[in-house]
Amino acid sequence: MNAKRLTTPKEKVQQLQRKLCHAAKENKKRKFHALYDKVYREDILLEAWRRVRANKGSAGVDAITIAEIERQGEVEFLQECQQVLREGNYQPQPVRRHYIPKKDGKQRPLGIPTVRDRVIQMATKLVIEPIFEMDFQEVSFGFRPKRSAKQALDRIRKACNRKGNWVLDVDIQGYFDNINQEKLMKLVEMRINDRRVLKLIRKWLSAGVMEEGSIRRSDLGTPQGGVISPLLANIYLNYFDLVWKKHGNGLGELTRYADDLVIVCKTKKDAEQAYKLVQTIMERLELTLHPTKTRIVGIWTGDEGFDFLGMHHRKTKAETSQGKVYFTTQQWLTKKAEERIREVVKERLAPPRMRVRSFQEHVEWLNPKIQGWRNYYYTNYSQKRLAKLDWYILQRFARWYAKKRQRRRWIGTLNEVKFIAKQCGLKTLL
């Protein structure tokens, strides 16, 4: 008799998720009540830890890093997580406030939960996400399994090519900070009535933010940076997707990626009506549209375009092999994306402290980034811009090389740099 093959934690988690998916799909009104004991299951916690570790990330307010947990013992750490959950003694800590500088001089706030809180949030997400996935709509692409920004871009391109000449480009003001927690919990309760799981989610929502030594709590928003936040944000905006499906489908084609959304319409009148409907639904959700960033764009003449998910979309003239002229939607990387790529390369190669590094080290650091940019931004219409960026990367290497070799002019090192770049296997965007 064959011994039964031992399944890995990952496989066991997938098995549970399939069951939950199936049950949620079978009955759209079913409420799930026996989930909490699954959150602290050994295989779930192991898989949650594996994912949190793979995402890396900094320490939270307790200053405990992933490396420290690995040193002190992962098994003990997970047993501790399991024990506090089983005994009902788990209390999340406030998230650590961290600011990321933006191009316009402002700062984007980010909340960093402790590693322990991230693992327990991930374990909860592994259990509840399959249930909500069955309720989410086709129009939603952000932070969902097997869905990507590239698919969202493809959907928009096709919608524009199907005589979609007017686009409502929607920007929600401070979305993550303004989610009404009570309304969010009501939407969660439509599928989950396990009181202990609901209590967990409430605890994370009310954990607050630690800033300059004091804790600030709010009745609004989800903790940005938290593992569970994107799922909660999708649950909240799924209400928007459903109402749009019921009342707005005839006006235009919606594509949503987290809190970024566009609606492609055939006429200006449809776009104006879509604007009013979006405003009405957002008011119900107690969200505000950004007054200047939310706009209607006429793309049918090719004079105007719009940016979405790092790509610029514009209709331009094209010709068939028979010489027949038609308009098609082209996508290329936005100016903002170009600037960001230049910034990353410059930050790596320009500082004097980087001169001690070898050419090979810089290539090894940059190659995965170049590959990622190419995978995302490459289209037939991005080629000119990507060629310019390739030239910029080479130029930056030449400047770095000239400074390293204490040469006065970098232009004279170009051919040498091209040769070394080829030898070291520097990737290109084109």
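**Entry 1: the four-stranded sheet**

I began with the open sheet of 4 strands, whose order is β6-β7-β3-β8 and whose pairing is antiparallel. The model is predicted, and I read every entry below with that in mind. I looked up which strands stand at the edges. They are β6 (253-257) and β8 (295-298); each has a single partner strand, so one side of each has no neighbour in the sheet. From one strand to the next, the twist averages 20 degrees.

Next I took the pairing of β3 with β7. Strand β3 covers residues 166-171 and strand β7 covers residues 260-265; 6 bridges join them, and the two run antiparallel. I checked V170 for its bridge partner in β7 and found L261.

Then I looked for helices on this sheet. Helix α11 (residues 229-247) packs on the sheet and touches β6 and β7. The direction of α11 makes about 175 degrees with that of β6. Helix α12 (residues 268-284) also packs on the sheet, where it touches β3, β7 and β8. For α12 the angle I noted is with β3, at about 20 degrees.

**Entry 2: the three-stranded sheet**

I moved on to an open sheet of 3 strands, in the order β9-β10-β11, again with antiparallel pairing. Here β9 (305-308) and β11 (325-333) stand at the edges with a single partner strand each, so one side of each is left without a neighbour in the sheet. Neighbouring strands of this sheet are turned against each other by 35 degrees on average, direction ignored.

How many bridges join β9 to β10? I count 4, with β10 spanning residues 311-319 and the two strands antiparallel. Within this pairing, F308 stands opposite M311 in β10. The hairpin of β9 and β10 has 2 residues between the strands, and L309 takes a positive phi near 55 degrees there.

For β10 and β11 I found 9 bridges, the strands running antiparallel. H313 stands opposite Q331 in β11. The hairpin of β10 and β11 has 5 residues between the strands; in it, G323 takes a positive phi near 85 degrees.

I followed Q331 from the previous entry to one of its contacts, S382. Where does S382 sit? It is in the loop between α14 (359-377) and α15 (383-404). Leaving out residues up to four places away in sequence, S382 touches Q331, W332, L333 and Y377. A polar atom of the S382 side chain lies 3.3 Å from the backbone nitrogen of L333.

**Entry 3: aromatic pairs**

I searched the whole structure for aromatic pairs, which gave 11. One of them is Y90 with W204: the pair is edge-to-face, 6.4 Å centre to centre, with 65 degrees between the planes. The pair links distant parts of the chain, 114 residues apart. Y90 is in the loop between α5 (74-86) and β1 (95-101), while W204 is in helix α10 (residues 195-205). I checked accessibility on both sides. Y90 has 1% relative accessibility and therefore counts as buried; W204, at 4%, also counts as buried.

Next I looked at F359 and Y401. Their ring centres are 6.5 Å apart and their planes are at 70 degrees, so this pair is edge-to-face. F359 lies in helix α14 and Y401 in helix α15, so the pair ties together parts that are 42 residues apart in sequence. F359 is buried, with a relative accessible area of 7%. Y401 is buried as well, with a relative accessible area of 6%.

I then asked which residues the ring pairs link into a cluster. The cluster consists of F359, F397, W400 and Y401.

**Entry 4: charges over rings**

Last, I looked for charged side chains over aromatic rings. R147 lies over the face of F141, 4.5 Å from the ring centre. The other case I noted is K369, whose charged end sits over the ring of W365 at 4.2 Å from its centre.

How values were computed. Residues are numbered from 1 along each chain as its sequence is written. This is a predicted model: local features need pLDDT of at least 70, side-chain atom pairs count only at pLDDT 80 or more; totals for chains, interfaces and linings use all residues. Side-chain values use heavy atoms; hydrogens and water are left out. Two strands pair if DSSP finds at least two bridges between them. Axes are lines fitted to C-alpha atoms, for helices over the stretch in contact, and angles run from 0 to 180 degrees between N-to-C directions. A polar contact is a pair of N or O atoms within 3.5 Å; within protein, one must be able to donate a hydrogen and the other to accept it, and residues adjacent in sequence count only if both atoms are side-chain atoms. Contact means heavy atoms within 4.5 Å. Rings of Phe, Tyr and Trp (its six-membered ring) pair if their centres lie within 6.5 Å; planes under 30 degrees apart count as stacked, over 60 as edge-to-face and the rest as tilted. Buried means under 20% relative accessible area, exposed over 50%, partly exposed in between (1.4 Å probe, protein chains only). A charge sits over a ring if NZ of Lys or CZ of Arg is within 6 Å of the ring centre and within 35 degrees of the ring normal.
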